[in-house]
Amino acid sequence: MSQVRAIIGLGNPGADYEATRHNAGAWLVEAVARRSGGELRPDRKFLGLYARVQFDGQDIHLLTPTTFMNRSGGAVAALCQFYKIAPDELLVAHDELDLAPGTARYKTGGGHGGHNGLRDIISALGNERGYHRLRIGIGHPGDARQVTHYVLGRPGKTEHAAIEAAIDECLATLPLALCGDWAKAMNRLHSFKGA
């Protein structure tokens, strides 16, 4: 298994969206930057906020695209081309409707599951699906017609605390994932249930 060289956090740009459920992936990358003492700064060539940090002794590229979610692929492709990062060296963090708040899961490969950010990344990487994902649970509204309003809404206090707890646990397992010990990383993260 190759080592992860870049973590991408998906979300929508701007103050109107930063506290919404759809930005859970961006929250994770922001937390990695804070933990590493790095600062995400606008970078036009990567169409997003970028930082290069040392996380647990590893050199990692961090990126949150500032295009809208359904155009995330251009930012990811630009970063991969510039730094010669292969798809299997990427970890893409994103919100996940099929997981409850307070849970998160690692996954490698697969389809987009209806997630427009993942769909665009797969397309921009030439239909390559072999990148790693970090799925951060936000729960489901219960009705498919309510999904758009739900993901673009803000979580309540209890729900937000559960998502933050899952992100903290993700940070604790990242050193294992980044060095390619996916089995240990999954074993720990997948057994975690935030309040």
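Helices (H or I, at least four residues) and strands (E, at least two) are DSSP runs, numbered from the N terminus. By that assignment, Thr-20 falls in the loop connecting β1 (6–9) to α1 (24–36), while Thr-173 belongs to helix α5. The structure is a predicted model, in which local features need pLDDT of at least 70 and side-chain atom pairs count only at pLDDT 80 or more, whereas totals for chains, interfaces and linings use all residues. Residues are numbered from 1 along each chain as its sequence is written, and side-chain values use heavy atoms, with hydrogens and water left out.

**Two threonines**

- Thr-20 is buried, with a relative accessible area of 1%; buried means under 20% relative accessible area, exposed over 50%, and partly exposed in between (1.4 Å probe, protein chains only).
- Contact means heavy atoms within 4.5 Å, and, leaving aside neighbours within four places in sequence, Thr-20 is in contact with Trp-27, Val-151, Leu-152, Gly-153 and Arg-154.
- Thr-173 is likewise buried, at a relative accessible area of 0%.
- Not counting residues up to four places away in sequence, Thr-173 touches Tyr-106, Ala-185, Arg-188 and Leu-189.
- The side chains of Thr-173 and Tyr-106 make a polar contact (2.8 Å); this term denotes a pair of N or O atoms within 3.5 Å, where within protein one must be able to donate a hydrogen and the other to accept it, and residues adjacent in sequence count only if both atoms are side-chain atoms.

**Nonpolar cores**

- A nonpolar core is a set of buried Ala, Val, Leu, Ile, Met, Phe, Trp, Tyr and Cys residues joined through side-chain atoms within 4.5 Å.
- The largest such core has 36 residues, of which Ile-7, Leu-28, Leu-62, Leu-91, Tyr-106, Leu-134 and Leu-174 touch the most other members.
- Helix α5 (residues 157–178) gives the most to this core, contributing eight residues.
- Apart from this core lies another, of 20 residues, including Val-76, Leu-118, Ile-121 and Tyr-131.
- Beyond its neighbours within four places in sequence, Leu-134 has contacts that include Leu-28, Leu-91, Tyr-106, Cys-170 and Leu-189.

**Cysteines**

- A disulfide is a covalent bond between the sulfur atoms of two cysteines.
- Here a disulfide is taken as a pair of cysteine sulfur atoms within 2.5 Å, and the count by this rule comes to zero.
- Cys-170 is in no disulfide, and the nearest cysteine sulfur, that of Cys-179, is 16 Å away.
- Cys-170 is buried, with a relative accessible area of 0%, whereas Cys-179 is partly exposed, with a value of 40%.
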